Amino acid sequence: MDLRHQLELFPDCSVTLLLFNHVKNAAALRKKAMEGSIEGALINPAMIVDPFQILVAANKAVHLHKIGKMKTRTLYAEIIFSLSPNNNISDAFKKFGISDSDTAVLIVLIVDREKTVNLEDIASQVEGQQVSLDELPQLTDTVKVKKMYKVTPQEEKIGTLLDSIVCRMSTKDVL
Amino acid sequence: AQAGAAGPVVAEAEAEAEAPPPPGLQLVQQGAEARIYRGLFLGRAAVAKLRIPKRYRHPALEERLSRRRTAQEARSLLRCRRAAFHLFFFYTGISAPVVYFVDYVTNSIYLEDIVDSITVQDHINSVQQSGSDTSSLLILAEKMGELLARMHDEDLIHGDLTTSNILLRPPTEKLDLVLIDFGLSFISGLPEDKGVDLYVLEKAFLSTHPDTETVFKALLKAYAATSKKSGPVIKRLDEVRLRGRKRSMIG
């Protein structure tokens with residue numbers, strides 16, 4: 001059900017994605033995330049079009065973490081920040097993090113070889129139903145995503161929405 | 001004195017000698033500026049370009065140059081994709097690979113691999129070798145001219161135009177072109193810079209592909225027809241041609 005990917009450039013790190021629908025305790029989860037009492041980055045699935053988008057953000061976050069150049073304070077915060085097309089940290093949390101009224105939550109975990117992470121433990125804190133990542137497209141709000149990433153009609157002609165998003169994410173610090 | 005003379009050459013050879021490939025990627029090409037690797041990155045077919053540090057340069061300069069080229073490449077790729085051009089009833093961008101990851105520590109860039117693409121260079125070679133009529137290349141030339149006109153209208157100078165820096169997506173017959181290798185690119189509105197950009201392509205084109213003067217002419221014609229600012233550019237191109245080795249600039 002969950003999706004796992006070992007980062008090619010950081011073979012010690014694996015990215016695990018867990019998707020939950022019909023979530024009832026988003027407010028409590030958000031509080032836990034802010035307190036740091038739940039492991040993982042809690043993301044609003046409406047802003048995600050494909051797991052690849054998360055992998056790109058996670059790869060960048062791990063890279064910056066390893067060289068001590070993160071813009072935020074924790075690896076999980078950095079993943080959320082890396083999803084954003086701009087450099088405003090609080091805006092990133094607002095748009096890509098979960099809000100109290102959300103009914104779906106995507107949890108991203110980075111597991112490195114030394115640590116063991118108990119997925120059941122994390123899943124049990126979510127009052128909702130864990131679903132396969134295949135259901136992600138149903139939860140995506142394409143209109144909101146296009147607006148957030150300022151995707152232009154011409155970009156849509158030469159590539160997928162995911163292409164436009166990833167390009168924006170990976171080049172934002174050079175613009 | 002002898003050791004001194006051999007110095008920089010030896011040092012460069014040493015510097016280029018051993019860098020381990022990034023995990024999961026295979027070395028595909030070694031150029032003067034960068035090593036190209038291919039493989040999977042985050043589960044997708046990708047190309048990684050790792051810049052080769054030039055040890056004969058002062059380290060501060062090397063770092064700055066390397067970073068600038070990497071940043072320019074990333075910027076230009078995004079700029080291409082977001083350029084807006086009317087094509088019939090819709091807007092289209094300029095096809096260029098998606099950027100997946102830029103590493104400013106090693107100044108390397110991870111890009112989309114256009115799988116099963118071939119370079120325009122290889123395509124022209126195969127058409128010529130198969131004895132086909134070069135008139136089939138005239139349409140390709142038109143497409144190239146249009147593409148470059150759009151790029152220049154965005155004030156984007158490629159800096160290293162050759163037929164190996166333009167790809168054809170599969171299937172080849174669709175003539176769907178993709179520009180690559182923007183490491184030497186920069187932004188400029190000057191006809192001089194655009195003229196030189198075309199001149200570089202012309203020299204590369206005509207020296208790599210014999211008997212293609214008509215083909216390149218078709219490219220320039222399409223360029224002139226597509227670009228709103230082509231007049232001064234073509235004029236500069238004519239002037240630039242008069243420069244160079246063993247050419248008299250006395251008009």
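**Close-up 1. Burial of strand β2 in chain B.** Because six of the eight residues of strand β2 (residues 34–41) of chain B are buried, this strand is largely enclosed by the rest of the structure. Buried means under 20% relative accessible area, with a 1.4 Å probe and protein chains only. Strands are DSSP runs of E with at least two residues, and helices are runs of H or I with at least four, numbered from the N terminus. The model is predicted: local features need pLDDT of at least 70, and side-chain atom pairs count only at pLDDT 80 or more. Residues are numbered from 1 along each chain as its sequence is written, and chains are lettered from A in the order in which they are written.

**Close-up 2. The β1–β2 hairpin of chain B.** Strand β1 (residues 25–30) of chain B pairs with β2(B) in the antiparallel sense over five bridges; pairing requires at least two DSSP bridges between two strands. Three residues lie between β1(B) and β2(B) in this hairpin. Gln29(B) has Ile36(B) in β2(B) as its bridge partner.

**Close-up 3. The β2–β3 hairpin of chain B.** β2(B) and strand β3 (residues 44–51) of chain B run antiparallel and are joined by eight bridges. Gly39(B) stands opposite Ala46(B) in β3(B). Two residues separate the strands of the hairpin, and Leu42(B) in the turn has a positive phi of about 55 degrees.

**Close-up 4. Helices α6 and α7 of chain B.** The axes of α6 (residues 213–226) and α7 (residues 230–241) of chain B come within 8 Å and cross at roughly 145 degrees. Axes are lines fitted to C-alpha atoms, for helices over the stretch in contact, and angles run from 0 to 180 degrees between N-to-C directions. Leu220(B), Tyr223(B) and Ala224(B) in α6(B) meet residues of α7(B) including Val233(B), Ile234(B) and Leu237(B); contact means heavy atoms within 4.5 Å.

How values were computed:
Heavy atoms only, no water. Buried < 20%, exposed > 50% of the residue type's maximum accessible area, 1.4 Å probe, protein only.
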